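Subject: Structure for you to look at

Hello,

Here is the structure I said I would pass on. Please open it first, then read my notes below.

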Amino acid sequence: MARPAARFVCQQCGAVHPKWAGRCEDCGAWNSLVEESGGEAPPKGLGPGKGRRIELVGLSGPGEEAPRRVVGIGEFDRVAGGGLVPGSALLVGGDPGIGKSTLLLQVAARLAATGPVIYISGEEAVEQVRMRARRLDVAAAPVALAAATSVRDIVASLDQGEAPAMVVIDSIQTMYLDTLDSAPGTVAQVRSSAQELIRLAKRRGFALVLVGHVTKEGTIAGPRVLEHMVDTVLYFEGERGHQFRILRAVKNRFGPTDEIGVFEMTDRGLAEVTNPSALFLADRQGDVSGAAVFAGMEGTRPVLVEIQALVAPSAPGTPRRAVVGWDGGRLSMILAVLEARAGVALGANDIYLNVAGGLRIQEPAADLAVAAALISASTGEALPAATVVFGEIGLSGEVRAVSQTEQRLKEASKLGFERALMPPLRGRRPARTELSQTEIGTAADLVALFDTRPASRRSPPDRQ
Ligand code: TYD
Ligand code: MG
């Protein structure tokens, strides 16, 4: 019998290659190709058998939308789009050790008060999960727990008796189907296992939550190969060394994708942070140079964060750029605009930019705050006290309006800020707020707020 042709599957993106290579041509990952047998049979065409006629229906019709299962942990429910949808599949991805098992055990315990919940751990023994439950003070919750990794056994068990409300599989990389030769954690196993579980969830109408580790090494299939199979993808992120954890929706068939949930890892599990601005600004040191408070929006919620910049003379050679929590390309753009449109040339310096607290900002509205932090860092002059900044900067140096001005200002006012540097109103009605609103029309207007002469050429302060 002819040996089936070898196929090499990228464990990062799932692309199939006929030959092994050190680097996946599709996604560029190194060392990620693994030989997998079995899998898809070569296409044969439809053959002679007759298909069944499918019924076509209109866009509207009877059939009530199943009510969502509200977990009762607000930060989780909001990111999931208002609760779990019965029959849907949700993937929670994140680095090992970030707190996925902790979060989902807390979610499971909460939901168990309203319906049957099953937690299947493929990574930890029953006693380990019980220990965590005691630590989280949820050991009394009626969660049904098992340690298992065989998808055949899991499907057989879940297919009997009363249908659960939610099933947690922790993690999908430990699950395996005995019909495949490849090892657990390979793309083939992860995909097929997920497919079986998702099919069961749809049939029995429970919410399926899959935990997936993000891996860098490429030896174990990352959650990316699952993203198109599930309805919702949430990533759990955080900086190691910071206690904040951010749950972010990157795909959601049943809700918005720009929401974040903020948690704090305590010694008794994850605590919800309902006022993230206060938390992100907690360590702020008054009026120092190189810092600007950005009035941002994360989904429906305003969040204030401090943007910190450091501008230092560069050693000969290529100047260093290090950006944490923001886009490096966008930083280059702001530097170019400041130089070309406002005459502030920082390009030859080493530049470090940091979003304090471990948050990652994606809004272009942060441009003006980044520019303010940069200028302040290079002049050594702090921004006016109690000031928030927001606005997008265009390539010609103009400051452009951003959405939800009123909400940003309200949040700033609530936290004791007194002034906002913001895009010009250009005929729009000013927001109703106590904050004094300073309109910044261009990058040059922003620079004019600072004394941009080098410190050595400034006149010494008057002395009497
Ligand atoms: P865990 O949920 O096991 O992470 P993951 O499932 O994503 O791999 O959480 C691991 C970390 O969280 C671990 O370093 C210990 C810490 N932790 C706390 O700080 N407090 C707690 O109450 C718990 C349960 C864990
Ligand atoms: Mg875990």
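**Whole chain**

Please keep in mind that this is a predicted model. The protein chain has 464 residues, and 47% of them count as buried. Its secondary structure comes to 10 helices and 21 strands. The C-alpha trace spans about 95 × 50 × 50 Å along its principal axes.

Now the contacts. Take those between residues at least 6 apart in sequence: 67% of them join residues at least 24 apart.

The surface comes next. The chain exposes about 23,200 Å². Carbon and sulfur atoms supply 51% of that area.

I also looked at charge. There are 51 positive and 52 negative side chains. The centres of the two sets lie 3 Å apart.

**The sheet**

One sheet has 9 strands and is open. Its order is β6-β5-β7-β8-β4-β9-β10-β11-β12, and the pairing is mixed. At the edges sit β6 (143–147) and β12 (269–272), each of which pairs on one side only. From one strand to the next, the twist averages 25 degrees.

Strands of a sheet pair through backbone hydrogen bonds, either parallel or antiparallel. Which way do β5 and β7 run? They run parallel, with 5 bridges between them. Strand β5 covers residues 117–121, and strand β7 covers residues 166–170. If you want a place to start, find V117: M166 in β7 stands opposite.

**Helices across the sheet**

Helix α2 takes in residues 100–111. The strands it lies across include β4 (89–94), β8 (207–213), β9 (232–237), β10 (244–252) and β11 (260–266). It runs at about 160 degrees to β5, another strand it lies across.

Helix α3 (residues 126–135) lies across β5 and β6. Its angle to β6 is about 145 degrees.

**One residue: E227**

Look for E227 in the loop between β8 and β9.

What does E227 touch, leaving aside its neighbours within four places in sequence? The contacts are V233, Y235 and K251.

A377 lies 150 residues from E227 along the chain. Their C-alpha atoms are separated by 41 Å.

Best wishes

Technical notes: Residues are numbered from 1 along each chain as its sequence is written. Chains are lettered from A and ligands numbered from 1 in the order in which they are written. This is a predicted model: local features need pLDDT of at least 70, side-chain atom pairs count only at pLDDT 80 or more; totals for chains, interfaces and linings use all residues. Side-chain values use heavy atoms; hydrogens and water are left out. Helices (H or I, at least four residues) and strands (E, at least two) are DSSP runs, numbered from the N terminus. Buried means under 20% relative accessible area, exposed over 50%, partly exposed in between (1.4 Å probe, protein chains only). Contact means heavy atoms within 4.5 Å. Accessible areas come from the Shrake-Rupley method with a 1.4 Å probe; for residues, only the protein chains shown count as cover. Lys and Arg count as positive and Asp and Glu as negative; His and the chain ends are not counted. The place of a charge is taken as NZ of Lys, CZ of Arg, CG of Asp or CD of Glu. Two strands pair if DSSP finds at least two bridges between them. Axes are lines fitted to C-alpha atoms, for helices over the stretch in contact, and angles run from 0 to 180 degrees between N-to-C directions.
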